[in-house]
Amino acid sequence: LENINVLGGDLYLQSNPSLTSIEALLGLQAMDGSVVIAWNEKLENLAGLANVSSISGHLNITGATSLSSLDALSGLEFVGGDVSIKDNDLLTSLNGLESLLSVGEDLVIDGNGKLESLQQLEGIESIQGLTITSNPALENLNGLNNLTEATGNIRIQYHDALNSLSALSKIAVVGGDLDIGYNYILEDLLGLEGITRIEKGL
């Protein structure tokens, strides 16, 4: 597979319990479909995606319980669909996503038990929806400081340590619902004062 540099469809690597490496995909540079890497419990890194700069569809990294880093995605600049980072038990940061400038649809960060920081998302200014849920070690949303627009829903829910929403201060319009709930030590809503319009519910 090392000679493949463009994939016209989707890349699905799902439920391979003994898979430890995807380095055979190192030739890939552009993906015209989606990338779904899900429930590969022994996969420790994404080295095979190190040369990918664009994904036209979705990017879904889910249930990689041995994955400690997204560093191999450091060249990724564009995702046309959703970016979903879910249920990755060892991730402490999103290192590797620093170059990401454009997400065409929703950004979903959910159920990453040790995730402490979103700092690497600073390049993103506009998305459809934002879902940040069930990341018990996450204390703030720093990294979303440059986000000015969400044309869909914003959901910030189920956090044990989240104590600030100040990183959302540049958002003026929410195109869907704004749902802030079950953030157990959050004392105020500072950071939301710049919002002038919510198209649906609060």
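Let me begin with a definition: two strands pair if DSSP finds at least two bridges between them, where helices (H or I, at least four residues) and strands (E, at least two) are DSSP runs, numbered from the N terminus. In that sense strand E6 and strand E8, residues 83–86, are paired in parallel over 4 bridges, and within this pairing Thr62 stands opposite Lys86 in E8.

Before going further, please keep in mind that this is a predicted model, in which local features need pLDDT of at least 70 and side-chain atom pairs count only at pLDDT 80 or more, while totals for chains, interfaces and linings use all residues. Residues are numbered from 1 along each chain as its sequence is written, and side-chain values use heavy atoms, with hydrogens and water left out.

Now to strand E4, which covers residues 35–38. Which strands does E4 pair with? On the one hand, strand E2, residues 11–14, pairs with E4 in the parallel sense over 4 bridges, and there Tyr12 stands opposite Val36. On the other hand, 4 bridges join E4 to E6, and these two strands also run parallel; in that pairing Val35 stands opposite Leu59, and Ile37 has Ile61 as its bridge partner.

Where do the side chains of E4 point? In a regular strand the side chains alternate between the two faces of the sheet. In E4, Val35 and Ile37 point one way while Val36 and Ala38 point the other way, and all of them are buried, where buried means under 20% relative accessible area, exposed means over 50%, and partly exposed lies in between, using a 1.4 Å probe and protein chains only.

Let us look at the loops on either side of E4, starting with Ser34, which lies in the loop between strand E3 (30–31) and E4. Is Ser34 buried or exposed? Ser34 counts as buried because its relative accessibility is 9%. The side chain of Ser34 reaches the backbone nitrogen of His58 at 2.8 Å, which is a polar contact, that is, a pair of N or O atoms within 3.5 Å; within protein, one must be able to donate a hydrogen and the other to accept it, and residues adjacent in sequence count only if both atoms are side-chain atoms. If we leave out residues up to four places away in sequence, Ser34 touches Gly9, Asp10, Leu11, Ile55, Gly57 and His58, where contact means heavy atoms within 4.5 Å.

In the loop between E4 and strand E5 (54–55) we find Asn40, which counts as buried because its relative accessibility is 1%. The side chain of Asn40 reaches the backbone oxygen of Leu13 at 2.8 Å, and among the residues that Asn40 touches, not counting those up to four places away in sequence, are Leu13, Gln14, Gly63 and Ala64.

How many cavities of 30 Å³ or more does a search of the whole structure find? The search finds 1, and about 40 Å³ of space lies in the largest cavity. A cavity here is a set of points, on a 1 Å grid over the protein atoms alone, where a 1.4 Å probe fits but cannot get out, and lining residues have an atom within 4 Å of a point; grid points are joined across faces, edges and corners, and a volume is the space filled by probe spheres set on the points. The lining consists of Met31, Val35, Leu49, Val52, Ile55, Leu73 and Leu76, which divide into 7 nonpolar, no polar and no charged residues. For that division, Ala, Val, Leu, Ile, Met, Phe, Trp, Tyr, Cys and Pro count as nonpolar, Asp, Glu, Lys and Arg as charged, and the others, Gly among them, as polar.

There is also an open sheet of 4 strands, in the order E11-E13-E15-E17, with parallel pairing. Strand E11 (126–127) and strand E17 (197–198) stand at its edges, each with a single partner strand, so one side of each is left without a neighbour in the sheet. E11 pairs with strand E13, residues 149–150, over 2 bridges, and Ile127 has Ala150 as its bridge partner.

Finally, a word on the backbone. Most residues other than glycine have a negative phi, and most peptide bonds are trans. Ser134, in the loop between strand E12 (130–133) and E13, has a positive phi near 55°, and Tyr182, in strand E16 (residues 178–183), has a positive phi of about 60°. Ser134 is partly exposed, with a relative accessible area of 29%, and Tyr182 is partly exposed too, at 48%.

Conventions
1 Å grid on protein atoms, 1.4 Å probe; cavity = no way out; pocket = protein on both sides within 12 Å on 5 of 7 lines; lining within 4 Å.
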